[in-house]
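Please look through the sequence and the model shown here. The paragraphs that follow go from the chain as a whole to its parts and then to single pairs of residues.

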Amino acid sequence: MAAKKPVKKQGGGSNITRWVVLAVSLMVVFGAGLVAVTFIPKNFETLTAEPAAVEEIPGYVAMDAVAVPVSLDNALDHYVNLDLRFQVRDKARAKEVTEVIPRIRDALVRDAHRNALLRTDGVASVDLARIKERAKAVANQILGADLVANVYVIRVAKLVR
């Protein structure tokens, strides 16, 4: 029978190898930190010379609980309660829109009395696209500019009479 060779344990390694790996890792980390600390202050002017891109963030103005009449065959059928959000192109002018919300509300209700808001395809519902279009037109007419970019219908509820 052949003699057995002693089996070496695998893994582990010596303590010296671990310390060398740790030392090299720390030198790399500290070297990268040193490069960053010296590079940024020396090149601060060139790094900050480009103006920051200013992105216009649209503002939103809420108009809640607008009771809009819905007519059927030229007679008042019921009211619809709407919650709308106006997307203002310039956030700085959102306060201006907020101040005239009562006028916009009144004009929207008057417009709804003149124009039917029901869908024309036979579905017994209000036409949300038409409501959005009319609300945007009314708001921009009152504000005298194309300030309102979009109108979002948040909630629609039929009011029982």
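A residue is called buried when its relative accessible area is under 20%, exposed when it is over 50%, and partly exposed in between, with a 1.4 Å probe and protein chains only. This is a predicted model, in which local features need pLDDT of at least 70 and side-chain atom pairs count only at pLDDT 80 or more, while totals for chains, interfaces and linings use all residues. Residues are numbered from 1 along each chain as its sequence is written, and side-chain values use heavy atoms, with hydrogens and water left out.

The chain contains five helices and three strands. Helices (H or I, at least four residues) and strands (E, at least two) are DSSP runs, numbered from the N terminus. In sequence order the pattern is α-α-β-β-α-α-α-β. The chain has 161 residues, and 22% of them count as buried. A contact means heavy atoms within 4.5 Å. Among contacts in the chain with a separation of 6 or more, 62% are between residues 24 or more positions apart.

Helix H4 can be followed residue by residue. H4 has 14 residues and spans 20 Å from its first C-alpha to its last, close to the 20 Å expected at 1.5 Å a residue; the expected span is 1.5 Å times one less than the number of residues. Which residues of H4 are buried? They are Ile101, Ile104, Leu108, Asp111 and Ala112. These residues cover an arc of only 100° around the axis, so they sit on the same side of H4. The arc is that of the directions from the helix axis to the C-beta atoms. An α-helix has 3.6 residues a turn, so residues three or four places apart point the same way. The other side of H4 has Pro102, Arg103, Arg110 and Arg114, which are exposed. The buried residues of H4 pack against E1, E2, H3 and H5.

Side chains of opposite charge can pair when their charged atoms come close. A salt bridge is a side-chain nitrogen of Lys or Arg within 4 Å of a carboxyl oxygen of Asp or Glu, and the structure holds seven of them. Aspartate 111 forms a salt bridge with arginine 134, with the closest N and O atoms 2.8 Å apart. Arginine 134 lies in helix H5 and aspartate 111 in helix H4 (residues 101-114), so the pair ties together parts that are 23 residues apart in sequence. Leaving out residues up to four places away in sequence, aspartate 111 touches Arg134 and Val138. Asp111, Arg114 and Arg134 are linked in a network of salt bridges.

Arginine 85 pairs with aspartate 64, and their closest N and O atoms are 2.6 Å apart. Arginine 85 is in strand E2 (residues 75-88) and aspartate 64 in strand E1 (residues 59-72), so the pair ties together parts that are 21 residues apart in sequence. Arginine 85 is partly exposed at 24% relative accessibility, and aspartate 64 is partly exposed at 34%.

Aspartate 146 lies in the loop between helix H5 (128-143) and strand E3 (148-159), and arginine 89 in the loop between E2 and helix H3 (94-99), so the pair ties together parts that are 57 residues apart in sequence. Aspartate 146 is partly exposed, with a relative accessible area of 47%; arginine 89 is partly exposed, at 39%.

Strand E3 includes isoleucine 154. Isoleucine 154 and aspartate 83 are 71 residues apart in sequence and 5.3 Å apart in space, C-alpha to C-alpha. Not counting residues up to four places away in sequence, isoleucine 154 touches Asp83, Leu84 and Arg85.

The structure also holds one aromatic pair. Tyrosine 60 and tyrosine 152 form this pair, which is tilted, at 6.3 Å centre to centre with 45° between the planes. The pair links distant parts of the chain, with tyrosine 60 in strand E1 and tyrosine 152 in strand E3, 92 residues apart. Rings of Phe, Tyr and Trp (its six-membered ring) pair if their centres lie within 6.5 Å; planes under 30 degrees apart count as stacked, over 60 as edge-to-face and the rest as tilted. Tyrosine 60 is partly exposed at 48% relative accessible area, and tyrosine 152 is partly exposed at 32%.
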